[in-house]
Amino acid sequence: MKDYEVVIGLETHIQLNTRTKIFCSCKADSWEDEANTNICPVCSGLPGTLPVLNAEAVQKGALLAAAMHAEVNPLSRFDRKNYFYPDLPKGYQITQFDEPIGKGGYLDLKMADGTKKRVRIHKLHLEEDAGKTKIEHGTRLVDFNRCGVPLIEMVTEPDLRSGEEAAQYLIQLRQLLRWIGVSEADMERGHLRCDANVSIRERGSQVLNTKTEIKNVNSIDSVRQAIGEEAKRQIELVESGGKVESYTLDWDADRNKLSLMRSKETEADYRYFRDPDLLPVKLSREEIAGIMAALPELPLERQARFVTEYGLSEYDADILTNERSLSDYYEAAVGAYTGEPKAVANWMMNDLSRMLNDLGKTADQLVLGPKALAEIIQMIDDGKINAATGKSLLKKVEESGSRPAEIVEKEGLGLIADSDALRAQIEAVLADAPDEVANFKAGKESLLGWFVGQVMRRTGGKADPKRTRELLLEMLRK
Amino acid sequence: MSLTSLSAFEVARKVKAGELKAVDVAEAALAQIRAVDGLPGSLDGGAVSADEEKKVHAFIQVTEKMALEQAEKVDQAVARGEDAGLLAGVPISIKDIFCVEGTTTTAASRMLSNFRPPYTATPVRRLIDQGALILGKVNLDEFTFGSSNESSAYQPATNNPWNTDHVPGGSSGGSAASVAAEEVALSLGTDTGGSIRQPAAFCGVVGLKPTYGRVSRLGLIAFSSSLDCPGPLSRNTRDAALMLQAMAGVDPKDSTSSTRAVDDYLSTLGQDVKGLRIGLSPDYDAVYYPNFETGELHKEAIQKEVHETLYRSAELLAKAGAEIVENVPMPNTAYGIPAYFVISRVEAASNLHRFDGVKYGYRTESAVSNLSELYRLTRAEGFGPQVKLRILMGMYLSAAGHDADYYTHAQKVRALIRQDFVRAFEPDGDHRLDALLTPTTATTSFKRKAVFGNSLLMQYSDQMTVSSNHAGVPALTIPAGLDEAGLPIGIQLIGNDFREDLILRIGHAFEQVSRDEAWRKVRPQVLAGEVKA
Amino acid sequence: MSLQHITPELFEKLVGLAALELTEEERAYLFEEMNHQLASVESLRQIQIPEGTTPSLYGLHPEGISPRADEWKAFTKPKQIVALAPESEDGMIAVPDVKGAK
């Protein structure tokens, strides 16, 4: 068998998290709503209605374009894509054809082996979503709630080479979308949807062979599997002397199977033309500068900085920059802490992340703020509490909202470092163990550990271990 | 003078002064409709009696209850001493292409014969807010696609009140006829290539196509979105100014509506025209038809009486103090219709995509086995032939695979047409016009069935009007005489962007200087027997 | 000059694209009228369009409204929209399936 490589381009639809739809004032999110209750004459395509553009959709679209290193178009335009389908109430979709909001750009993927891979973006445009349909006993039922939800359609160049790379692209795109706050990017809720264009060629070749399009690969697993299946099918077909045809395929995620939707010969003529109902979208130089300024440091940049600035390992920096809120939390905690940044990283990667998981929260939703975390670690460093108390404090702060020091004070969780109090406890221990005292004095100094343990037991673990050792030696050698 | 002959301005003045009850105005309008309108247009309305042939048939739907309720409100407001609005108690008809909650909005098509919109068009809302009484929905060419009213799915279609064997023009034929026959004082029409001005000229009334964007399109069932303009039809320029005043202004629901402040049209209307520069162009002396075998254009002079009326009108305006500027070149006028064929058809085909039997309106009654059949049968049965023609032409002109992109090419021609106007109006240009004076139509109203079916000839009846739609500029038609057959002749004043004030003022001056002309005493045929005071 | 002509094959394709169905009488009429209109459209080719002419979408440049603020205003009568549909089930608008009933 020849050595083949797979050539993949992804077309993603990203639902922007604006409050309202792109061309009318209905709310954008209908997840909780009954069918056809979040609609109006505009998004349900009643005759005589006109679209009015949502400024926030433009802002978020432009921010995404900037984050993808695309050129933000100072004058983008809306066009009509005409076709008949029951989920498209106007009989055309308002989209951007030749003057989209963003042109070009790329996303750098960090690969498992530590290398970087650049995936170029072909184009990025604003458009409206269609409704939803379902089949029941041979009848198609249509819900318009989703009509007019703002989408960014983003198409990559054919730069991906495996199902795994495609999956990585989606994972890192999803991270980026959440990072810059333009989409919830919840694939289960359809905020991030994906179609994949797949072809094969002999390794080393530069030609682009006939591709098939796989629709509805709407989870990370689906992308991996569907592309794998399709690449295998194409290779087997070509190896057995067949020819790949330009099909549109549907991925059935329940059965992990591809099925033929249609052959491309029947592709519609969309008769694109400028939508006269909408004026061109103008972004002035100042507005574009404002959008660029609002663009936060991106995940890969921040990861690199964490390594150099805080001395973290690549691994730690990677974990801590998975989500923007987590990395913001980390930086705030480091800022409030006088010790090594690595100590904060350890706490966050272990105890804090466990807590986040248990509570199902993101870092910015915690009651336990970064300053409180820094304070807890600091108290351990200063010998005011022990590590176990520190860990238990995480939960107590989260539940009560009180400051860690207040809780320590109120619940008496602080270590006994006071010499008189400790001396009294030690005297009592020594009085109860005359034999061991004698042995110690006779030279069996290894008993010191046993004495420390006894003091700890007596104080319920609250004795400052360092101070206890000092006092024990002083009192035994008297 | 009978109540129905009163101008809108007079009605509103008297109602607000308490001299007249809005309810009485509504009753008088309803009585006039009963007297002259005849059977309302209906689907499958076939041949009618000889008596009905003499009726106007402007209305598809008379909204008696709505009008009377609105009248009550106006009267109550007046009684409370409140401002009852610019149009207090003024009876108005609405071209049945505007969505009005509480009415069926048909677009004169079987496709929308049962469509009851849950919202009201912005211009209609503004008329109601200013105290207007909505008497009903009037007939039009199906989806506004025509220039004679004959393509309406609602038959009998409207007749010309001046001679009921003739067409009222179109597509706002019902609007023009209802105003001419004194069923209402005002009507709301739409103008895409001449659809207000051509029927207004044919019916001897005033019609104004405002600047694109001056009046909101929200609620107007779109024909060609980059050309459509709602506007007033009335019996004099003051009433047109009044109605425009009530409707004009930005609408947050129409992105293309202009944010520019609205002028006070009424306060400048009475000013004289001394020193205003009014142009005449040789490019409006003839119509250019293509030979469909060779494609070559050939020239046909406009009707002699129309030409004479135009030049006589110019003399009258000169007498009033205007300066007449002859030989203003408008070289791209001949391309107005072909460019219109492209732009309007491409946009119309897309705008009509939504009529598919799924969400509202007509759905085929045949048993269908799949979705595609539902679409095809619904559209085959729901649309008339002129609509199908426009859809197919739009499909052809926007389909992929031509050597040339027709739509973009036509938009470049549109830019050239616009340039003609920019040059004519340029303040430091050669002509420095305040308005261009042209015929509104090349001929007076034609007989029923004379042109209908010949889509090329029908479209070319808009040649004098279509250029201002391409350019976006405002244009006004006013009655200026009658031809030998006693049919009205209109003249057109085209102004610069947003200069409705100027063309209304010139039109008003013309009304003053021609006040005593003999043709002004002649009444439409359907009003004959009624004595004009 | 040679004129563009809509062939019967192209005509049928357009009918499909338009989701229409025509009677023989309509077909003959529309086919002829379209070719007549095309003759008019073709006259546009005679125009010398100066270099640099940009397509005009509205004639004038509309001083239209700016994009709106992202504020939710619910439409209060969504049921009336569903009620306009020729057929509906449980608040959903009903149509036959693409492939048709079995």
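Predicted model: local features only at pLDDT ≥ 70, side-chain atom pairs only at ≥ 80, totals over all residues.

User: Which residues of helix 10 of chain B are buried?

Analyst: As a general idea, an α-helix has 3.6 residues a turn, so residues three or four places apart point the same way. Here the buried residues of helix 10 of chain B are B:Val306, B:Thr309, B:Leu310, B:Ser313, B:Ala314 and B:Leu317. Their arc around the axis is only 140°, which puts them on the same side of the helix.

User: What do the buried residues of helix 10 of chain B pack against?

Analyst: Their partners in chain B include strand 9 (277–280), strand 13 (435–439) and helix 17 (500–513).

User: How far apart are the end C-alpha atoms of helix 10 of chain B?

Analyst: They are 23 Å apart, which agrees with the 22 Å that 16 residues should span at 1.5 Å a residue. Just after this helix, B:Gly321 has a positive phi of about 110°.

User: At what angle do helix 11 and helix 13 of chain B pack?

Analyst: An angle from 65 to 115 degrees counts as roughly perpendicular. Helix 11 (residues 336–351) and helix 13 (residues 385–398) of chain B pack at about 105°, their axes being 7 Å apart. Helix 11 of chain B is therefore roughly perpendicular to helix 13 of chain B.

User: Which residues meet in the contact of helix 11 with helix 13 of chain B?

Analyst: Among them are B:Val342, B:Val346 and B:Ala349 in helix 11, and B:Ile391, B:Met395 and B:Leu397 in helix 13 of chain B. The residues of this contact comprise 8 nonpolar, 2 polar and 2 charged.

Technical notes. Residues numbered from 1 in each chain as written. Chains lettered and ligands numbered in written order. Axes fitted to C-alpha atoms, helices over the stretch in contact; angles between N-to-C directions. Helix = DSSP H or I, 4+ residues; strand = E, 2+ residues; numbered from the N terminus. Parallel < 35°, antiparallel > 145°, perpendicular 65-115°, else oblique. Contact = placed C-beta atoms within 7 Å. Nonpolar A, V, L, I, M, F, W, Y, C, P; charged D, E, K, R; others polar. Expected span 1.5 Å × (residues − 1). Buried ≥ 20, exposed ≤ 12 C-beta atoms within 10 Å, placed from the backbone. Arc of directions from axis to C-beta.
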